[in-house]
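I am opening this notebook to keep track of what I look up, entry by entry, as I get to know a structure that is new to me.

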Amino acid sequence: MSSAVSRSDGSTRAVDGRQRPAQRSVRSSMEIPPDAVLPLLGSTDENLKALERALAADIHVRGNSVTLSGRVPDVALAERVITELVAVVGRGGTLNPDAVRRSVAMMTDGVGESPAEVLSLDILSRRGKTIRPKTVNQKRYVDAIDANTIVFGIGPAGTGKTYLAMAKAVQALQSKNVSRIILTRPAVEAGERLGFLPGTLHEKIDPYLRPLHDALHDMMDPEAIPKLMQAGVIEVAPLAYMRGRTLNDAFIILDEAQNTTAEQMKMFLTRLGFGSKIVVTGDVTQVDLPGGQRSGLRAAADILTDIDDIHFAELTSADVVRHRLVSDIVDAYERYDAERSDDNGRPGNRAARRAASR
């Protein structure tokens, strides 16, 4: 294996004496539509600054002309990224520094979907706010919900698995593909005790269901929600309330499914009726079941993977759409859990770990 040294003329000379060409620099110009300039650059050029940080090519903008210079592959990548971002704007998508960074990552990683396909997929719009996937895995998750009767969305906190499922449920209701939405969660304590909470049983359970209520208020007219709930069009209830029912013509979401037992998961999935769709969401690293019980979500992933019309969508820390630190926190905990995994390579139960540490 030979090494090389740089020369003042820009070429390189290998230690073995043979001449090798340096990476050639090129200069390229491209015109973008005038109405795409401001969205592309962003407020106070924040998008342009994000592009400059993410790309190796030098970028200069004058009017609606963009000049790129640098190594051939760097300029080629910059051209493709800018073309995609312009396409996002042309399809009504919104650009911000985070969308710019994610677009560069998509183009660099060579995923099948383009940034324009991902960032301009409208799911639901309300009062000028449009809900869209922000990552490739999120788009694949949304597409899987359209294509399958039962979808499991598995991933860490902040990956949008519940929020996107809620958006698809509201979309299905508004388009009359279903006649009702059913939202449910297991009422399992995350270190707290229901018995010590004040109020009636309904008031004790309500904090567990509050995240689902909050998401609904983001997507629907808050004044209409109580009427729809009173009419049974929207139902938010603990998982125990699902027993013995057959759920027809409904979009059903089971959230925090890692806190179901295997028996509860089987009970829930067998509630499926005609014309219905089920989305199950959860994070297998956040199990709060007492006594070290195995999560029903993990069991389902082992038992149901080969059944047609059931899809398992995996989201990762790369799909976290909250604060940048959330992704770093998720990765740090995954490394920690990997060091303390059980004999089967599965992270331990959080409730069991808390009990062991007392």
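Before looking for aromatic pairs, I noted the rule: rings of Phe, Tyr and Trp, the last taken by its six-membered ring, pair if their centres lie within 6.5 Å, and planes under 30 degrees apart count as stacked. I also wrote down that this is a predicted model.

**Entry: the aromatic pair**

With that rule in hand, I found that the structure holds one aromatic pair. I looked up the rings of F152 and F312 and read that their centres are 4.4 Å apart with their planes at 5°, so I recorded the pair as stacked. Since F152 belongs to strand β9 and F312 to strand β14, which covers residues 310-314, the pair ties together parts that are 160 residues apart in sequence.

**Entry: confidence**

I next asked which element has the highest mean pLDDT and which the lowest. Among the elements of the protein chain, strand β9 (residues 150-154) has the highest, at 98, whereas strand β1 (residues 4-6) has the lowest, at 36.

**Entry: the chain as a whole**

I counted 13 helices and 14 strands in the protein chain. Of its 358 residues, 46% count as buried. Among contacts between residues at least 6 apart in sequence, I noted that 68% join residues at least 24 apart.

**Entry: the largest pocket**

I looked up the largest pocket and found a volume of about 960 Å³. Its lining is made of 38 residues, of which G158, T159, G160, Y163 and V321 lie nearest the centre of the pocket. The elements that give two or more residues to this lining are α4 (97-109), β8 (129-131), α7 (161-174) and α8 (201-219), and the largest share, five residues, comes from α8. Sorting the lining residues by kind, I recorded 12 nonpolar, 13 polar and 13 charged.

Note on methods:
Residues numbered from 1 in each chain as written. Predicted model: local features only at pLDDT ≥ 70, side-chain atom pairs only at ≥ 80, totals over all residues. Heavy atoms only, no water. pLDDT = per-residue confidence, 0-100. Helix = DSSP H or I, 4+ residues; strand = E, 2+ residues; numbered from the N terminus. Phe/Tyr/Trp six-rings, centres within 6.5 Å; stacked < 30°, edge-to-face > 60°. 1 Å grid on protein atoms, 1.4 Å probe; cavity = no way out; pocket = protein on both sides within 12 Å on 5 of 7 lines; lining within 4 Å. Points joined across faces, edges and corners; volume = space filled by probe spheres on them. Nonpolar A, V, L, I, M, F, W, Y, C, P; charged D, E, K, R; others polar. Buried < 20%, exposed > 50% of the residue type's maximum accessible area, 1.4 Å probe, protein only. Contact = heavy atoms within 4.5 Å.
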